[in-house]
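I open this notebook page to record what I looked up in a single protein chain. The entries follow the order in which I consulted the structure.

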Amino acid sequence: MQRSRFVFFAVPPQRGIDGDGPQAGVFWMLVSPNNRPLGRGSGCHPTYGECRDAVVCLQQGHDRLRVNESTVEQNGQWCWWAELDRAVVAVSSRSYLRGRECAYNVERFLEAVPQAAIVDGTRGTGRDGRRGRDDDLRPQWSGRTPPTGIRPVPRPGQPTRTPR
């Protein structure tokens, strides 16, 4: 039987009109055995190795996680974020209509973290199925838009926007 697992996604460099923008990076997502997203990292890491190390630290410190739940002021939906030693390390992968749905999904995330498998390499998000390798200097990217669910880290009292 398959178990929950941490998967890694490469994010391409984003260029603005002036040519400036965030650098490429890698973020993690925790998915259930049926591939349902349970939560994701609070931000991107410069390399796959650093992102993988962040997941290992999350698993080792899972008993110190402090979870916060809040509503989004713009739409009244619920979201959560988890802090480890006062640093935001994980956020909900979506928002929820009801507080009890949010609480239920937080529980599923917290149950999965300590025993979840860590998948090697990064995943491409294009239809070509290209994948990065552990020794890649730069993440592989298909050139398409990033996967849905990437948004700024929610902070207490700050509204967030959930992509559709």
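**Entry 1: surface and model.** I began with the accessible surface of the chain, which comes to about 9700 Å²; carbon and sulfur atoms hold 47% of that area. Accessible areas were computed by the Shrake-Rupley method with a 1.4 Å probe, and for residues only the protein chains shown count as cover. I note that this is a predicted model, in which local features need pLDDT of at least 70 and side-chain atom pairs count only at pLDDT 80 or more, while totals for chains, interfaces and linings use all residues. Residues are numbered from 1 along each chain as its sequence is written, and side-chain values use heavy atoms, with hydrogens and water left out.

Entry 2: Of the 164 residues in the chain, 38% are buried. I use buried for under 20% relative accessible area, exposed for over 50% and partly exposed for what lies in between (1.4 Å probe, protein chains only). Among contacts with a separation of 6 or more, 53% join residues 24 or more positions apart; a contact means heavy atoms within 4.5 Å.

**Entry 3: order of elements.** I found two helices and seven strands, running β-β-β-α-β-β-β-α-β from the N terminus. Helices (H or I, at least four residues) and strands (E, at least two) are DSSP runs, numbered from the N terminus.

**Entry 4: the sheet.** In what order do the seven strands of the open sheet lie? I read S4-S5-S6-S3-S2-S1-S7, with mixed pairing. Strand S4 (65–71) and strand S7 (117–123) are the edge strands, each pairing on one side only. Two strands pair if DSSP finds at least two bridges between them. Neighbouring strands are turned by 30° against each other on average, direction ignored. Strand S1 (residues 5–11) runs parallel to S7 and is joined to it by four bridges. Within S7, Thr-122 is the bridge partner of Phe-8.

**Entry 5: helix H1.** H1 lies across S1, S2, S4, S5, S6 and S7, at about 160° to S7. Axes are lines fitted to C-alpha atoms, for helices over the stretch in contact, and angles run from 0 to 180 degrees between N-to-C directions. The buried residues of H1 include Tyr-48, Cys-51, Val-55, Leu-58 and Gln-59. They cover an arc of only 100° around the axis, which puts them on the same side of H1. The arc is that of the directions from the helix axis to the C-beta atoms.

**Entry 6: helix H2.** I next examined H2, whose 14 residues reach 20 Å from first C-alpha to last, close to the 20 Å expected at 1.5 Å a residue. The expected span is 1.5 Å times one less than the number of residues. Which residues of H2 are buried? I list Cys-102, Asn-105, Val-106, Phe-109 and Ala-112. Seen down the axis of H2, the buried residues fall within an arc of 130°, so they line one face of the helix. Their cover includes S2, S3, H1, S4, S5 and S6.

**Entry 7: positive phi.** Asn-35 has a phi near 70°, positive in a residue other than glycine. Asn-35 sits in the loop between strand S2 (25–31) and strand S3 (37–41) and is partly exposed, at 48% relative accessible area. Arg-86, also not a glycine, has a positive phi of about 70°. Arg-86 lies in the loop between strand S5 (78–84) and strand S6 (87–91) and is exposed, at 81%.
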